[in-house]
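Got your viewer open and a selection tool handy? Let's walk through this one stop by stop.

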Amino acid sequence: MRCVLLAFVSIVFMMLDFRAGHLDSIRHSLSLMLHPVRIVVDLPFVAVHWLGESIAQRRELLAENRHLQNEKLETSARLQRFDALQAENRRLRALMESSARVADRVLVSEIMAVDLDPLRHRIVINKGTVHGAYRGQPLLDANGIVGQITHASPVSSEAVLISDASHAVPVEVNRNGLRTIAVGTGDAGKLSLPFLPNNADIVIGDLLISSGLGGNFPPGYPVGSVTQVSPDPSSSFATVLARPAAALNRNREVLLVWSTTEVGSPPSEAKEIAER
Amino acid sequence: MSEPSSRIWPTVLVSVVGALILTVLPLPQWLQPWRPSWIALVMIYWLIYEPRRIGLMTAWLTGLCLDTLRGVLLGQHALALTIMGFVAMQFHLRVRVFPMGQQTATVFMLVAIYEFMLFWVDGVSGEPGSDWRRWLSVLASTAVWPPVTTVLHRMRLVREPAGEV
């Protein structure tokens, strides 16, 4: 009797949770309660990292420092040009009365060493709603888009990687603006572009950037590069594969992005943003 | 057995938290499909040996915690643990006196039921990416049942010197 009742409640829970949102309060409080478990699991990895840092040799640290200095010099040189271009872009956009792109705000967050399901590409990060994270928020790393948040709890969040088989990113080819969708394959080194016709203008090495059309991902960030294009005469779509730009299964830090792009905002507001 | 219920709960809590930690502990990629269903094993143990104090409600709540921790549909593991727990409780008197080999065979069946419920919910909710490798965890769970019972016996009986098994 009790078994039937509990099974029924479980099924009702799953139905309510399936379209996400109805049970978020329960999930958040449970998640907060279980946070110590995540911390305990993560602890050895943090400790090893910390230990490695604190017993590193002075010589190594100096070398790393010099390397970073050089890198910073290079990037700041590149940034100078970027600043000028950005200003110009803003002016042109203001002239055209189109919505402006404002610099996105980012926050560094760490991936916790917590295994979820081996067959799904999910991660847990150590920032939650108290840091401003929200459901659907995009995650980046130094090279490109990593994924998006699926559940934002108070102090941690779960995210799905772009390589998860149930995930898709709206992308465009940087060379010619050809729009399509990059679908995860369940393999961290592969994305599939299943909706390109056989005669589509796409070649190996093309850079795919986010098109921002879905509204979730900010436009203009690298998603991957095309590694295989094989037209398939027996079907109407070609087989196109891409390699993700981000180091999906290697990095420990990701960036949370607050995109301030107003898609389709009224011109007056856009101008206001542009003038800032 | 004077007021044992007050003494059993800390042990259960410790074992459940331990199982939760083992469930999300990072493993190398090739070992991941072989991760035993620790929570299922711990729940089977408590339902068989302490059915009067540990009931389906405990199993259900543990299932909800597992759902949250693994970030799947809320209720998936809760449902699987409830169904599995119900079957375990039907047989608990017999399983308790089974020799280890027979007991392990029963556990294989119970974990298979548990895994099948998860598989079924995944299928209904259209969750992709499950293949034959998910069934490896049933084998792994069966293989670790003898050591798990030994550890849990120790944890349980150290508090009850009277020690009726």
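Colour by chain first: chain A and chain B bury about 3,400 Å² between them, 70% of it on carbon and sulfur atoms. Buried area here is the accessible area (1.4 Å probe) that two parts lose on being put together, summed over both. On chain B, pick out B:Thr68, B:Leu69 and B:Leu74, which lose the most area to chain A, together 19% of what that side buries. In contact terms, 40 residues of chain B meet 35 residues of chain A, where contact means heavy atoms within 4.5 Å.

Some housekeeping before going on. This is a predicted model, in which local features need pLDDT of at least 70 and side-chain atom pairs count only at pLDDT 80 or more, while totals for chains, interfaces and linings use all residues. Residues are numbered from 1 along each chain as its sequence is written, chains are lettered from A and ligands numbered from 1 in the order in which they are written, and side-chain values use heavy atoms, with hydrogens and water left out.

**Stop 1: a helix in chain B**

Select residues 100-124 of chain B, helix H6. Helices (H or I, at least four residues) and strands (E, at least two) are DSSP runs, numbered from the N terminus.

Buried residues of H6(B) include B:Leu110, B:Tyr114 and B:Leu118, with buried meaning under 20% relative accessible area (1.4 Å probe, protein chains only). Among the elements covering the buried residues of H6(B) are H1 (2-18) of chain A and H7 (136-157) of chain B.

**Stop 2: the cores**

Now show side chains. The largest nonpolar core has 59 residues, and B:Trp46, B:Met84 and B:Tyr114 are among those with the most contacts inside it. Such a core is a set of buried Ala, Val, Leu, Ile, Met, Phe, Trp, Tyr and Cys residues joined through side-chain atoms within 4.5 Å. H2(B) gives the largest share of this core, 10 residues. Centre on B:Tyr114: its contacts include B:Ser37, B:His77 and B:Met84. A second, separate core of 35 residues includes A:Ile145, A:Ala152, A:Leu161 and A:Phe217.

**Stop 3: two barrels in chain A**

Switch to cartoon. Six strands of chain A close into an antiparallel barrel in the order S1-S2-S5-S4-S3-S12, and the twist averages 45 degrees from one strand to the next. Strands count as paired if DSSP finds at least two bridges between them.

S1(A) and S12(A) pair over six bridges, and A:Ser109 stands opposite A:Val254. On to S2(A): two bridges join it to S1(A), with A:Met112 partnered by A:Val124. Strand S3 (138-140) also has two bridges to S12 (253-258), where A:Leu139 faces A:Leu256.

Which helix lies across S1, S2 and S5 of chain A? That is H3(A), residues 35-54, running at about 75 degrees to S1(A). Axes are lines fitted to C-alpha atoms, for helices over the stretch in contact, and angles run from 0 to 180 degrees between N-to-C directions.

Last, select the other six-strand barrel, S6-S7-S8-S11-S10-S9 of chain A, again antiparallel. Three bridges join S9 (207-210) to S10 (222-230), and A:Leu208 sits opposite A:Gly224.

Key. Expected span 1.5 Å × (residues − 1). Buried < 20%, exposed > 50% of the residue type's maximum accessible area, 1.4 Å probe, protein only. Lists of a residue's contacts leave out its neighbours within four places in sequence.
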